[in-house]
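Here is a short briefing to read with the sequence and the 3D view open side by side. Take it topic by topic, and find each residue as you go.

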Amino acid sequence: MILVSDLTFSYPGTEKTILKNLSFTACPSEILTVLGANGTGKSTLFKCILGFLTHYAGKIEQRAFSC
């Protein structure tokens, strides 16, 4: 299970907030879809979840148990 709580992210040197107060839970048995126009933060979200981007506010937890 992945828990995302109040995730906020801005790239260094920019004033634009890419992700702002994003929260959701994704369970192993669920199918999650992320939709949005170009430049809305879809890839940034996954980079934060995977640990490629680490300077964010909020919390991302990966837990071994199911929902």
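A residue counts as buried under 20% relative accessible area, as exposed over 50%, and as partly exposed in between, using a 1.4 Å probe and protein chains only. This is a predicted model, in which local features need pLDDT of at least 70 and side-chain atom pairs count only at pLDDT 80 or more, while totals for chains, interfaces and linings use all residues. Residues are numbered from 1 along each chain as its sequence is written, and side-chain values use heavy atoms, with hydrogens and water left out.

**The sheet**

- Helices (H or I, at least four residues) and strands (E, at least two) are DSSP runs, numbered from the N terminus.
- Two strands are said to pair if DSSP finds at least two bridges between them.
- Three strands form an open sheet in the order E2-E1-E3, and their pairing is antiparallel.
- Strand E2 (19–26) and strand E3 (57–62) are the edge strands, each pairing on one side only.
- From one strand to the next, the twist averages 15°.
- Strand E1 (residues 2–9) runs antiparallel to E3, and five bridges join them.
- Two residues to look for here are isoleucine 2, whose bridge partner in E3 is glutamine 62, and threonine 8, whose bridge partner in E3 is alanine 57.
- E1 and E2 are also antiparallel, pairing over five bridges.
- Opposite phenylalanine 9 you will find leucine 19 of E2.
- As background, strands of a sheet pair through backbone hydrogen bonds, either parallel or antiparallel.

**The helix across the sheet**

- Helix H1 (residues 42–50) lies across E1, E2 and E3, and runs at about 120° to E1.
- For such angles, axes are lines fitted to C-alpha atoms (for helices over the stretch in contact), and the angles run from 0 to 180 degrees between N-to-C directions.
- Threonine 44 belongs to helix H1 and counts as buried because its relative accessibility is 7%.
- Which residues does threonine 44 touch, not counting residues up to four places away in sequence? With contact meaning heavy atoms within 4.5 Å, threonine 44 touches Phe9, Tyr11, Ile18, Leu19 and Leu53.

**The nonpolar core**

- A nonpolar core is a set of buried Ala, Val, Leu, Ile, Met, Phe, Trp, Tyr and Cys residues joined through side-chain atoms within 4.5 Å.
- The largest one has 12 residues in all: Val4, Leu7, Phe9, Ile18, Leu19, Phe24, Ala26, Leu45, Cys48, Ile49, Leu53 and Ile60.
- At least two residues of this core come from each of E1, E2 and H1.

**The aromatic pair**

- Rings of Phe, Tyr and Trp (its six-membered ring) pair if their centres lie within 6.5 Å; planes under 30 degrees apart count as stacked, over 60 as edge-to-face and the rest as tilted.
- There is one aromatic pair in the structure.
- Phenylalanine 9 and tyrosine 11 have ring centres 4.8 Å apart and planes at 90°, so this pair is edge-to-face.

**Salt bridges**

- A salt bridge is a side-chain nitrogen of Lys or Arg within 4 Å of a carboxyl oxygen of Asp or Glu.
- The whole structure contains two salt bridges.
- One links the side chains of lysine 59 and glutamate 61 (3.7 Å, N to O), and another links glutamate 61 and arginine 63 (2.9 Å, N to O).
- Through shared partners, these salt bridges join Lys59, Glu61 and Arg63 into one network.
- Lysine 59 is partly exposed at 44% relative accessible area, glutamate 61 is partly exposed at 24%, and arginine 63 is partly exposed at 33%.

**Positive phi values**

- Most residues other than glycine have a negative phi.
- Aspartate 6, in strand E1, has a positive phi near 50°.
- Aspartate 6 counts as partly exposed because its relative accessibility is 46%.
- Asparagine 21, in strand E2, has a positive phi near 55°.
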